[in-house]
Structures are given as C-alpha cells and as structure tokens.
Amino acid sequence: MLAMGSEEWELYPYIGSQVMEYGPISEDSNDDWNGDVAVSLDAALPDDLLEKVLSFLPVASIIRSGSVCKRWHEIVHAQRQTWSKMVPQKPWYFMFACSEDAVSGFAYDPSLRKWYGFDFPCIEKSNWSTSSSAGLVCLMDSENRRRIMVCNPITKDWKRLLDAPGGKTADYSALAFSVDRSSHQYTVAVARSNQVPSEYYQWESTIHLYESVTGSWVTPFTGVLFGWRGGDECVICGGILYYLVYSTGVLVNNNEHRHCLVMYDLAARPNHTSLMSMAIPVPCALTCGRLMNLSEKLVLVGGIGKQDRPGIIKGIGIWELHNKEWREVARMPHKFFQGFGEFDDVFASCGADDLIYIQSYGSPALLTFEINQKLWKWSVKSPVSKRFPLQLFTGFSFEPRLDIAS
C-alpha cells in the first residue's frame, strides 16, 4: 500500500486472489482464555446465511473476504447468482493512468472512499469508446470501430462480439449499451455518422444493433441528416436510443443552439423516418453534453456557454428529461467549478444509479454529485498525477457486480 500524505490507495483484491488456510483449533491448545473454547462464528452458519451476511458488505470487502480461508473462498466464488440480491453498490469510476506499455489505472470506490490499483481486462488503449450498464462494460476499439468487447471488470470475464457492420472507421461513432437486470441479456447500439461526399451539410447516419439473445447484428436505420451530424454521445434509456447531434451551420443568433437530442425507438425500429422529426432542443447553449441513464431517467450534464460567446464555458448544469421537456436538477457551485483549475469547454462525465462523476480532461481531480441528495463532493485525491503540461485525463464509471457475465 502506498501513502499519499493523508490519502491512500491500494491494490484491488480481484477474483482469484490468494486463499489463506486456517487449521482447526485443537482442544488441547494452551491459551489464556481461562478454559473458554475458541469457536469460529462462521462455522456455525450454513452457507446460505454466510452468503447473506457477506452480501451486506461493499463488493471490495466481499472479494477480500475470499482470502480469509478456503470455505469463504468457495462461498465468494460460488454460483454468482447468489450475489444477485446483494446490497446495491454505488458505481465506481475507473481513471486511466499514463502508460505507454499497458493500459492500467485506478478505480475509485465511493462507498469506502478508496482508490484501487486496477488492471482493466481486454482494453488496449485509453481512447476506446466505453458504455456501461448493470455491472458490464462495453468497449469499442478507436482504430477499428467494428471491434467491440463486453466485460465484467470485477470478475475479469470478457468476450469479443461479432464484428459490427460498417467500416473500421467513421467520421463519428457513438456507443450505447443496456443490460436487462433480470435476464442479463444486453443490447449494444452503434450510431455512425459520415459526411456525404462533396456535401458539407449532409451526413449519412446509421444505427447498428447487437442483441446478446441472438448473438447477431442488424442495421434497422439508415438516413441522411441535413444541417446536423452525429457525434460520440448516445445512451439507451427506457428502450429508447437517445443521440446527441450537432449543427453543421453557422449560428445566426443565440437562440439557435449547436446541440440537439434525437430519439430512436429500439422496440419499434422504424426505418422510414426522420430522426430530426423527433428532435428535442437542449435546455440552453452548451459547449458540450454528456448523456447518462440514472435508474431509467435520462440525464444530461452540459457545459453552459456564455451568452455572447457560446463556445466558452462558464459553468456546468444537470438536467433530467421529463416527457420531452428538460427540468434543471442543479448547477455546479462556482467553488467546485474553480476547483478544477483551467477548465476546457469539454469534459468527461458519466454515472449510474444516483451518482454522477465529472472530470476535467486537464486534471485528475474527480467530483461527484449525488442527484437524490443534491450533494456535491470531491473524491479522495486521485493517485494519478500530471506528468507533463498537455497530459489529458479520462475515465468512465461502472457498477461493481459479481453475479453477471459477458
């Protein structure tokens, strides 16, 4: 364990850690307990009750408990559906560390307020696209957009999906991922946007879907956007794919925003439709927008642009979508906004359940916002340090779970 002043981080106790063997206590043992017999409390508990007791712990503590003895190891590594009723875990945040040799980083556990040294499975570079849902993380190779993985970062289980349709590259690609919490079946959505040759204002948009139940890809939508292009931000919420698109024209006045939200029904899968016919304007002029599914509520975290210079960020706001209308949840207090230091017009933000993470690309500082309590809080100081002036920092969140596999 390394010390960082008053802060600490430690190696993550991943599945497969060493098991300690404890022998039984001899009845003839000499002790100073005045004749009392030392009895292991868990020896009197049947497996199902011991599982129940452990299920109330944070997931890191559950995995660490698997190193106590052989029996506890077997309990922790038993059929993982036994952990489906464990106490809900707050989402962790994985922050990439700067390394040329391997992709590694640190995971922040908000329940125990600790950072863990964490090797993420199957990911090869820090600029891969990511999307997470219900304990699984979906990753798309930034150099080969057809190459997509799904993994459980806690158990290190992962697999590569069939190659996605379309070419290896696209002008813009966005990745969305949704897991059914009861069946554990999942859907992957890839939205691609390519400029029509010689037509600056026309962009061909396609939506590709992968269903784990069939193990195959389909392309239910292909269309052309006029004056708008896709980007790298989409999310699945309530069976709807929400996709943030960007204006390709010059702003005429302050009422014309650079961003707009479009929707695509994944159940109906209409092909002959215009995405812009279902467009929802963003709540104000934004420098950037980040979409997330928080307990099946669509949430937008956006950089608020200055009125006279909409490309310059002056603050950060959080909104929820209700019946195609935005309701403001909160705005970042100025002291936290200043706490990031030099803030660019774009930033990283993600979350799950009721917790939102916000990170500046130029700083390893990590801020959390609990949406139910309206509580802003800095994380424990990150172990990642800035090594050179132009170094960028990024990461993503995921729910730590033991009961789900790719």
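Rings of Phe, Tyr and Trp, the last by its six-membered ring, pair if their centres lie within 6.5 Å. In this predicted model, ring pairs link seven residues named here into a cluster: Trp92, Phe94, Phe96, Tyr116, Phe118, Phe396 and Phe398. A search of the whole structure finds 18 aromatic pairs.

**Two ring pairs**

A pair of aromatic rings is described by the distance of the centres and the angle of the planes. The table gives both values for two pairs.

| Pair | Centre to centre | Angle between planes | Class |
|---|---|---|---|
| Tyr186 and Tyr210 | 6.5 Å | 25° | stacked |
| Phe369 and Trp376 | 4.4 Å | 40° | tilted |

Tyr186 and Tyr210 are stacked. Tyr186 belongs to strand β11 (residues 186–195) and Tyr210 to strand β12 (residues 202–211), so their pair ties together parts that are 24 residues apart in sequence. Both Tyr186 and Tyr210 are buried.

Why is the pair of Phe369 and Trp376 tilted? Planes under 30 degrees apart count as stacked and those over 60 as edge-to-face, with the rest tilted. The planes of Phe369 and Trp376 stand at 40°, so this pair is tilted. Phe369 is buried, and Trp376 is buried too.

**Charges over rings**

Lys156 lies over the face of Phe118, at 4.0 Å from the ring centre. Another such case involves Arg229. Its charged end sits over the ring of Tyr172, 3.9 Å from the centre.

Strands of a sheet pair through backbone hydrogen bonds, either parallel or antiparallel. Here 4 strands make an open sheet, ordered β22-β23-β24-β25, with antiparallel pairing. Which strands form the edges? They are β22 (347–352) and β25 (375–378), and each pairs on one side only. From one strand to the next, the twist averages 20°.

Strand β24 (residues 366–370) pairs with β25 in the antiparallel sense over 4 bridges. Glu370 stands opposite Leu375 in β25.

Val218 lies in strand β13 (residues 216–226). Is Val218 buried, exposed or partly exposed? Buried means under 20% relative accessible area and exposed means over 50%. Val218 has 34% relative accessibility, so it counts as partly exposed.

Which residues does Val218 touch, leaving aside its neighbours within four places in sequence? Val218 is in contact with Ile207, His208, Leu209 and Arg269. Ala164 is 54 residues away from Val218 along the chain, and the C-alpha atoms of these two residues are separated by 9.0 Å.

Terms used
Residues are numbered from 1 along each chain as its sequence is written. This is a predicted model: local features need pLDDT of at least 70, side-chain atom pairs count only at pLDDT 80 or more; totals for chains, interfaces and linings use all residues. Side-chain values use heavy atoms; hydrogens and water are left out. Helices (H or I, at least four residues) and strands (E, at least two) are DSSP runs, numbered from the N terminus. Buried means under 20% relative accessible area, exposed over 50%, partly exposed in between (1.4 Å probe, protein chains only). A charge sits over a ring if NZ of Lys or CZ of Arg is within 6 Å of the ring centre and within 35 degrees of the ring normal. Two strands pair if DSSP finds at least two bridges between them. Axes are lines fitted to C-alpha atoms, for helices over the stretch in contact, and angles run from 0 to 180 degrees between N-to-C directions. Contact means heavy atoms within 4.5 Å.
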